[in-house]
Amino acid sequence: MNIKKHKFLRKKYNREFLLDCLLFSEFDRPIVTGQPFSYDFNGLFLPLSGQAAISVDQYKSQLCRGTLTFIRANQVREWIQVSSDFSGYLLILENEFIASFFNDSLFIYRFQFFHSSSPPVLNVNENFLDLQTVIFEEISAELHRLRDDSHHYIRALVYTVLIRINRIYIEEYGFSKQLFQDDTALRFRKLLEEHIRKKQRVQDYATLLKLSRSRLNHVIQNALGKSVSDVIRERLLLEVERALLYSDHSISEIAYELGFSDTSNFTRFCKRYMGCTPVTFRTSRKK
């Protein structure tokens, strides 16, 4: 099965600007239900009207006014149903923008809602919705009349949006506030995204971070409330599910691509943590 990849348009505003903010109805990627796709950027979508149903890495959500939705790069998404009046503001944060605009390579990992294991939606009240809509409108207007100091103004607006949302998101889902400032935990999350398909041992990441296994476990337990091995396994399971559902590769090919020593070892992993064999998972979910 092919997954359509939507890429960011870098020079939409006649110069390279690694960010965009627009009404969803103006987005140049048409909605096609039943077709898996992904984005190569992160972002936020703030629905203002209409209704839709979407699957994000098999997490099904009903979207309507006030259902803030988070876009994480490379997630497999699929529109299930969309009303004709469905619209809202879309804030696109290109990956390079994140590191350069804020001079922080870990910036995107400081926000819980951009983590792959966190729920991709947040329901907000009308007052909060109105506040964010005003900022989204300001960002969009500024992008259409870029000035010499626009990048400073837009940076401030984007930062305000992300901090406000992160505060509510942490409270809603009971996440640790420590993660925002814990650079070691954030570097671990970044490395996990970069290496999960090849490195799945705690020692792999302890070595990359130049820490002992026990020190790394202590840091991650405090920041995420889980052991390093649990976090690695959860992230690996996501890769397994994506590969089984959205690729035409054989079970043995997927096992090899994800670093398992052989197919039987891969099958045991799936049975233990998914409750069924990879073949059963693939056939049952594709029905």
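Ala52 has Leu63 in strand S6 as its bridge partner. The two strands involved, S5 (residues 52–56) and S6 (residues 59–63), pair in the antiparallel sense over five bridges; strands count as paired if DSSP finds at least two bridges between them. Strands (E, at least two residues) and helices (H or I, at least four residues) are DSSP runs, numbered from the N terminus.

The model is predicted: local features need pLDDT of at least 70, side-chain atom pairs count only at pLDDT 80 or more, and totals for chains, interfaces and linings use all residues. Residues are numbered from 1 along each chain as its sequence is written, and side-chain values use heavy atoms, with hydrogens and water left out.

S5 and S6 form a hairpin with two residues between them. In the turn, Asp57 has a positive phi of about 50°. Gln58 lies in the loop between S5 and S6, and Asn74 lies in the loop between S7 and S8. Most residues other than glycine have a negative phi.

| Residue | Phi | Relative accessible area |
|---|---|---|
| Gln58 | near 75° | 24%, partly exposed |
| Asn74 | about 75° | 40%, partly exposed |

Another antiparallel pair joins strand S2 to strand S9 (residues 87–93), over five bridges. Leu22 has Leu90 in S9 as its bridge partner. S2 covers residues 19–23, and four of its five residues are buried.

Leu90 also belongs to the lining of the largest cavity. A cavity is a set of points on a 1 Å grid over the protein atoms alone where a 1.4 Å probe fits but cannot get out, and its lining residues have an atom within 4 Å of a point. Grid points are joined across faces, edges and corners, and a volume is the space filled by probe spheres set on the points. The count comes to two cavities of 30 Å³ or more.

The largest cavity holds about 70 Å³ of space. Its lining has eight nonpolar, one polar and one charged residues, where Ala, Val, Leu, Ile, Met, Phe, Trp, Tyr, Cys and Pro count as nonpolar, Asp, Glu, Lys and Arg as charged, and the others, Gly among them, as polar.

Ile254 is found in H8 and is buried, with a relative accessible area of 0%. Leaving out residues up to four places away in sequence, Ile254 touches Ala243, Leu244, Ser247, His249, Phe266 and Arg282, where contact means heavy atoms within 4.5 Å. The C-alpha atoms of Ile254 and Pro278 are separated by 9.9 Å, and the two residues are 24 residues apart along the chain.

Key. 1 Å grid on protein atoms, 1.4 Å probe; cavity = no way out; pocket = protein on both sides within 12 Å on 5 of 7 lines; lining within 4 Å. Buried < 20%, exposed > 50% of the residue type's maximum accessible area, 1.4 Å probe, protein only.
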